[in-house]
Each structure stands twice: as structure tokens, then as C-alpha cells.
Amino acid sequence: MSNPLDDPKADPFQIAQQAAKVIAVKSGIAQHDIALTLGSGWAKAADLIGETVSTIDASEIPGFTRSEVVGHVSTIRSILLPSGKHALVLGARTHYYEGHGVRTAAAAGVKTMILTNGAGGIKTSWKPGTPVLISDHINFTSASPIEGANFVDLTDLYAPRLRDIARTVDSSLDEGVYMQFRGPHYETPAEVQMAKAMGAHIVGMSTALEAIAARQSGLEVLGLSLSTNLAAGISDSPLSHKEVLEAGKEAEPRISALLAAIVAKL
Ligand code: 8IG
């Protein structure tokens, strides 16, 4: 099925409205409160945060397509939290520079957006499998999810209030600046040194653009990276997607429990 977002004349907010309507009808939940994008290593959190009310195949929702990345699932889940709130888990990542998942969440009533990812760490003290709170980002993609003369302020994009809540769950949580590269290749060691010199601590390929779209839609954002690997050149060993997935799997129960405990406090 073709993606309506591929039409250059398409209004992404209108397609997000349509997607939200389909989610409301298929889940039977008119309004959701929290949305989560679960990146590499975080997927198990969906099973821990509450009771799944419905699972919708991404292909049934306008603008969502099946993920091509191994380790990323292509479903949208509506989950009833113990608090009585409703969470939407966006397992399907759409293309790299658009915030369709985030906009759909906003159209579905969501106020709090939790963005997670697997990423490379630049701090040597972060063993593979270390979760890191995102404190700010550097968008190194040359792209934006926003079009037109739309000068969205990005101060405190990763809400200090939500980071404080996360630290009440685990006071040892470190935080860092996330730098988004376009990918899909990993960085060269020289690029990682550049990122470090620019003030980055985590390198990845997803979250900055999603966070920008979330701010534009008025959502409060919490960002969490799983440092699955030390970024290229920080450790001696070369990166492999397989090893990244294995590190994610190994850390998954621990970080998913952490995320579930954070969600319970929202
Ligand atoms: I998992 O080292 C994961 N995703 N850009 N660099 C970038 N993205 C990543 C990395 C990494 N590890």
C-alpha cells in the first residue's frame, strides 16, 4: 500500500488526524494520555507498563509503514496503565525525518511523549547496556520535520520535570547530549571525535527529529537512550548491528523495568 505522506501535497497534520481516528476506532479508546516510541532494546517495556487493550498492525493506519529495520516491530499498541491512563506504544518507525508517529500521538490526545532509542555512547564509563537520559540534542541531519516559516523554540525540549521524575526512579541515571546523524551507516571514529568536541555524549539516528516534531505539537518530551555500544573509535572493536542487537537484548529486561517504573510515576 502506498503511503499518503509520500504525496508532496499531503498535509501531515491531516494524515495524523486520520491516523488518530483509526486508532480510536480500532482500540475503542477515544483519547490516549502518554505515547512511547520504543527503539532498539526498549520493546519489552510495552509488556510491563500495563494491560494491552489492542494491537493494531501499522499497515492499517494511514501514514505508517512496516519498519525495514530488524529489531523494530510494526504495530501500534493501546495499553491501559494501572493509573487508569491510556498509553499508545508506537512500534512502527516511519521515515527518518518525519514525526508522523509523534503527530498521530498528539492528534490522539497525548500530552507526554516518551522517546527511546538504541545509540552509541561517547563516555567510556558507559558500559554497553547503560540507559542515559537525554538532556538536549544536536540535530546533525540537516533536516527538520517542520516545514515553512515555523520558528519553534527548542529550549528545555527534554523536559526537566520529566527528567527529575526519571531520577526519582533511578538516582544513578546519567544524562547526556544526543547527536542525531542521518545514517544509516554508523559514524567514523573521526566523526565521533567531532561529535564529542561539539558537546555530544550519545550518537544516534532517530530521536532529535521526533523530539522537534513533538515540541511543535505541544507535547512534553522525555528522551532515553540505551547506550548499546561505545561509538566508533571510542572502543577498539568495530561496530556490528548484530552485536548492537545482542547488547540491547541483554539490557532489555532491566531497562524495560526502569521505563515501566518511570511511566507509573507520570
Ligand atoms: I544501537 O553508534 C546504535 N545506533 N549513529 N551510532 C549511531 N546510531 C547508533 C549507534 C551508533 N548505535
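These legends describe close-up views of a predicted model.

**View 1. The shell of residues around the ligand.**

View 2. Start with glutamate 187. One of its polar side-chain atoms lies 2.4 Å from a nitrogen atom of the ligand. A polar backbone atom of glycine 118 is 3.3 Å from a ligand nitrogen atom. For glycine 120, a polar backbone atom is 3.4 Å from a nitrogen atom of the ligand. How much of the ligand's surface does the protein bury? Taken alone, the ligand exposes 320 Å², and the protein buries 95% of that.

**View 3. Helix 7 and its kink.** Helix 7 covers residues 241-264. It bends at glutamate 252, where there is a kink of about 55°. Is proline 253 buried or exposed? Proline 253 is exposed, because its relative accessible area is 55% and the cut-off for exposed is over 50%. Now compare sequence with space. Proline 253 and aspartate 47 are 206 residues apart in sequence, but their C-alpha atoms are 10 Å apart in space.

**View 4. The buried residues of helix 7.** The buried residues of helix 7 are Val244, Ala247, Gly248, Ala251, Glu252, Ile255, Ser256, Leu258, Leu259, Ala260, Ile262 and Val263. What covers them? The cover includes strand 1 (34-37), helix 2 (45-48), strand 5, strand 6 (130-139), helix 4 (160-169) and strand 9.

**View 5. Helix 6, a mostly covered helix.** Helix 6 spans residues 207-216. How many of its ten residues are buried? The count is eight. They are Thr207, Ala208, Leu209, Glu210, Ala211, Ile212, Ala213 and Ala214. These residues pack against strand 1, helix 3 (100-107), strand 5, strand 6, strand 7 (174-180) and strand 9. Look just past the end of helix 6. There, glycine 218 takes a positive phi of about 80°.

View 6. The six are His100, Gly101, Val102, Arg103, Thr104 and Ala105. Their cover includes helix 1 (12-27), strand 1, strand 4 (86-90), strand 5 and helix 6. After helix 3 comes glycine 109. Its phi is positive, near 100°.

**View 7. Serine 142 in a loop.** Serine 142 sits in the loop between strand 6 and helix 4. Is serine 142 buried or exposed? Serine 142 is exposed, because its relative accessible area is 80%, and exposed means over 50%. Serine 142 and alanine 200 are 58 residues apart in sequence. In space, the two are 16 Å apart, C-alpha to C-alpha.

Methods:
Residues are numbered from 1 along each chain as its sequence is written. This is a predicted model: local features need pLDDT of at least 70, side-chain atom pairs count only at pLDDT 80 or more; totals for chains, interfaces and linings use all residues. Side-chain values use heavy atoms; hydrogens and water are left out. A polar contact is a pair of N or O atoms within 3.5 Å; within protein, one must be able to donate a hydrogen and the other to accept it, and residues adjacent in sequence count only if both atoms are side-chain atoms. Accessible areas come from the Shrake-Rupley method with a 1.4 Å probe; for residues, only the protein chains shown count as cover. The bend at a residue is the angle between axes fitted to the seven residues ending there and the seven starting there. Helices (H or I, at least four residues) and strands (E, at least two) are DSSP runs, numbered from the N terminus. Buried means under 20% relative accessible area, exposed over 50%, partly exposed in between (1.4 Å probe, protein chains only). Contact means heavy atoms within 4.5 Å.
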